[in-house]
Number of protein chains: 6
Amino acid sequence: MSWALYVGRFQPFHKGHMYALEYILERDPGVIIAIGSCMTSHEPKNPFTLGERLAMISAALDDAKISRHSWYAVGIPDVQIHPSWVQITKALSPPFSRVYTNDPLTRVLFKEEGYEVLAIPLLQKDQFSGTEIRRRMLSDEKWIDLVPEATFRLIERIGGVERLKGLAP
Amino acid sequence: MSWALYVGRFQPFHKGHMYALEYILERDPGVIIAIGSCMTSHEPKNPFTLGERLAMISAALDDAKISRHSWYAVGIPDVQIHPSWVQITKALSPPFSRVYTNDPLTRVLFKEEGYEVLAIPLLQKDQFSGTEIRRRMLSDEKWIDLVPEATFRLIERIGGVERLKGLAP
Amino acid sequence: MSWALYVGRFQPFHKGHMYALEYILERDPGVIIAIGSCMTSHEPKNPFTLGERLAMISAALDDAKISRHSWYAVGIPDVQIHPSWVQITKALSPPFSRVYTNDPLTRVLFKEEGYEVLAIPLLQKDQFSGTEIRRRMLSDEKWIDLVPEATFRLIERIGGVERLKGLAP
Amino acid sequence: MSWALYVGRFQPFHKGHMYALEYILERDPGVIIAIGSCMTSHEPKNPFTLGERLAMISAALDDAKISRHSWYAVGIPDVQIHPSWVQITKALSPPFSRVYTNDPLTRVLFKEEGYEVLAIPLLQKDQFSGTEIRRRMLSDEKWIDLVPEATFRLIERIGGVERLKGLAP
Amino acid sequence: MSWALYVGRFQPFHKGHMYALEYILERDPGVIIAIGSCMTSHEPKNPFTLGERLAMISAALDDAKISRHSWYAVGIPDVQIHPSWVQITKALSPPFSRVYTNDPLTRVLFKEEGYEVLAIPLLQKDQFSGTEIRRRMLSDEKWIDLVPEATFRLIERIGGVERLKGLAP
Amino acid sequence: MSWALYVGRFQPFHKGHMYALEYILERDPGVIIAIGSCMTSHEPKNPFTLGERLAMISAALDDAKISRHSWYAVGIPDVQIHPSWVQITKALSPPFSRVYTNDPLTRVLFKEEGYEVLAIPLLQKDQFSGTEIRRRMLSDEKWIDLVPEATFRLIERIGGVERLKGLAP
């Protein structure tokens, strides 16, 4: 029985993502975490590198006692020729059958290639979103409750809030 | 204490690579397996996709009872501006301190950026090399002894030898 | 006597484009239809692939009894170094002498290279525009009158309106 | 009933290609001529631009009285991530069902995506090949018999033999 | 004693830039003028080519009697993988030690790589800015006082104001 | 009266290049030194970065008492679509009229765009060539006589011979 693909950008990895992974793992035997825009970092909307996002995700899943045998993380770059994105994801990832995403473009492209694409029920979308978390970081509001502790630790260690503020126009 | 970086192309993952990983894990607390030319596949010298190489490697390390908490695999693309390769590897990977590689360019670039770069003692280089394994596949000679069983299983399942023969000029 | 170049994106091909082609063919012996942003598709402003746009255009011109010996269609990619666009268009296209376009960048670049660049009198620009047609598709307003029947047939067959709605943010 | 795809580089378009097109048109209702490496020109192995190759092909097929309603020519760029080539070809081309090619990589990639891929019986491969024709051009041997008259006319007009000699190392 | 790096886009080179260069040359023995987005031109926000910007800068510095032995100008392209920007700048430029810039991304990236990054006190930022100068050019307001005479001469010669107006949407 | 363009890779800058520059400056009022493959370094055939080549060239020309007002150096990247190379060189460089080069591709491309292209009489080509100098560096033969003293000093300072040996396969 084959694994699921879960596509996101994880800027940063937050509790909504954690909830989504638990939701998927109740339904599928394992999940490939496809980290989109993997080459992009140091931008106001994409502050963290792939390496930093990988480190957040694996520490958070370890803390949650989710076995490393039930997930795998891979970076997927943005592509200029959109229809090639499905093939490129297949080439860069271990095999998967169905796809979980709330991203419009990802949904359209995988559906047109015949995949079953499922939405993820969102946990309080107005709060558990990267956009909201980055907004709070910039305005010194409380954002720590919205992320796993492992995400917080990594952002502290790399000076992530300072980076984000430094990148603001 | 920080992890090591081990750079290779793994076309395919063979027993020499397995030996190198064991050698590194005796000296370092963990190893990041940097899979070079990660976007390249379906070429005579690079037949397997990143996804296929990730699948080979994780199955082989599982079979060898090496804990998933002591290694992490990431794909690294080729870059056109060579001096940027070190920074790109750092951006795409969890943190590492020293580097193991036998590749000349990788060695020069990381050394010029101040990294300690170590060579890996090779296990019978004339046999345990991707070049030799691909040569044997093309000429129907025995190659199975040179790879972990997990590599063999994956190549069987995807029809890897047929692909390689189909790509021959 | 040499042909004209007519540059557009054709997202989708509509009656304004058809009118422009007829206008050009009254003045020039033949027209090269340069389909810009040819690698771009599956975006809200660029929903259709080059292949789909080629299929729309040739069916519509066939329906209009315009001989295939009086036009030729080629895709032209976006380029990052703008001054190279003229040379790239020349390299990817059969020969042409003068240029018809209403696009500011295309006009500036070809003029700076010494070409005669002509504007196209627009047929009710508020209606016969890709922007307006895509807006109507998204809001379920009537758009069929604005395109040749061949464009409508192709969009029906590929589920183009559903694609466009699926791509909306 | 759907069209066939015929993949080649056509450097230059020669009588072997003409024979292949006639062979395909006896079996399929129409053929999409996919001109590979479409961005490449001014190299010893790829001397002609896409525009020049399009001009050769359409003039030669016109001379042979092959209706423009039974073929369509599109340029296809080289891609770095090989598995995406099939999707990119689909995006840049009108629809096709089966594929004719003698190129190893094209055959492997389309087969892995489930396409029927057919070889083309070659007409005296030692003569009717781009390599042989370019070799004769460089050494001032007779090459005119190997190409349709339209190819010869175009190469004369653009000074193609002089270009090829100028590019020789 | 090593030179400073001064990063800007210089669209166009104005008196604020000239003031910055004089400010740096009072503190450092020489300055490398890093012209960012060097491949970008013919856009409303980036109208001038690198060649045009190099010509403006060297004529203006000559007019100001600043010796060519105290500055050097190099173009630096935009990069997609931001963390590689520091390395790429180092590879494309003669050696430098500290960095002057007011650009947020440049400041963050060089700081993360351990460089001393200094801001430049701005001379009436509301006037001496490329944005303001381009705005005045478009609306036929007086902009000549804001630039060195050499910038004005070059823009006159190339028809720069006409280009900018032609590019307006 | 307009300047000349002199195209080379300068890996490294040697006495043959110096002789060529003196030859050009006897005939033209100034020369733009176009440093090709400017993004390429750390390869056996292209060991030095653009920054290193710029440093060699300016020091050598200073030593030779050639005024900085009679030359200008710019980097030019390799391009994939060859016909765009002329336009890109024009965009990245101050204006020039005629072109000096011994490179076949450069000669063909500039000639096809209507430029006067002149060859440079070579000074003992078997010795004064980058290929020969790099060969001698690798085999510890005497190469110092073939380069200006400034080139030697820079290669010493950066450890250039060690880099070249480290890159050897």
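Between chain B and chain A there are nine residue pairs in polar contact, both at pLDDT 80 or more. A polar contact here is a pair of N or O atoms within 3.5 Å; within protein, one must be able to donate a hydrogen and the other to accept it, and residues adjacent in sequence count only if both atoms are side-chain atoms. Salt bridges between chain B and chain A number zero, taking a salt bridge as a side-chain nitrogen of Lys or Arg within 4 Å of a carboxyl oxygen of Asp or Glu.

A word on the source. This is a predicted model, in which local features need pLDDT of at least 70 and side-chain atom pairs count only at pLDDT 80 or more, while totals for chains, interfaces and linings use all residues. Residues are numbered from 1 along each chain as its sequence is written, chains are lettered from A in the order in which they are written, and side-chain values use heavy atoms, with hydrogens and water left out.

Now the contact itself. Chain B puts in 19 residues and chain A 19 residues, where contact means heavy atoms within 4.5 Å. About 1600 Å² is buried between chain B and chain A, and carbon and sulfur atoms give 66% of that; buried area is the accessible area (1.4 Å probe) that two parts lose on being put together, summed over both. Arg68(B), Tyr72(B) and Leu92(B) supply 34% of what chain B buries against chain A, more than any other three residues.

Which elements of chain B each supply at least two residues of the side that touches chain A? They are helix H2 (50-63), strand E3 (71-75) and helix H3 (85-92), with helices (H or I, at least four residues) and strands (E, at least two) taken as DSSP runs, numbered from the N terminus. H2(B) has the largest share, five residues.

Chain D and chain C are next. There, 19 residues of chain D are in contact with 19 residues of chain C. Finally, chain A and chain F do not touch, with their nearest C-alpha atoms 17 Å apart.
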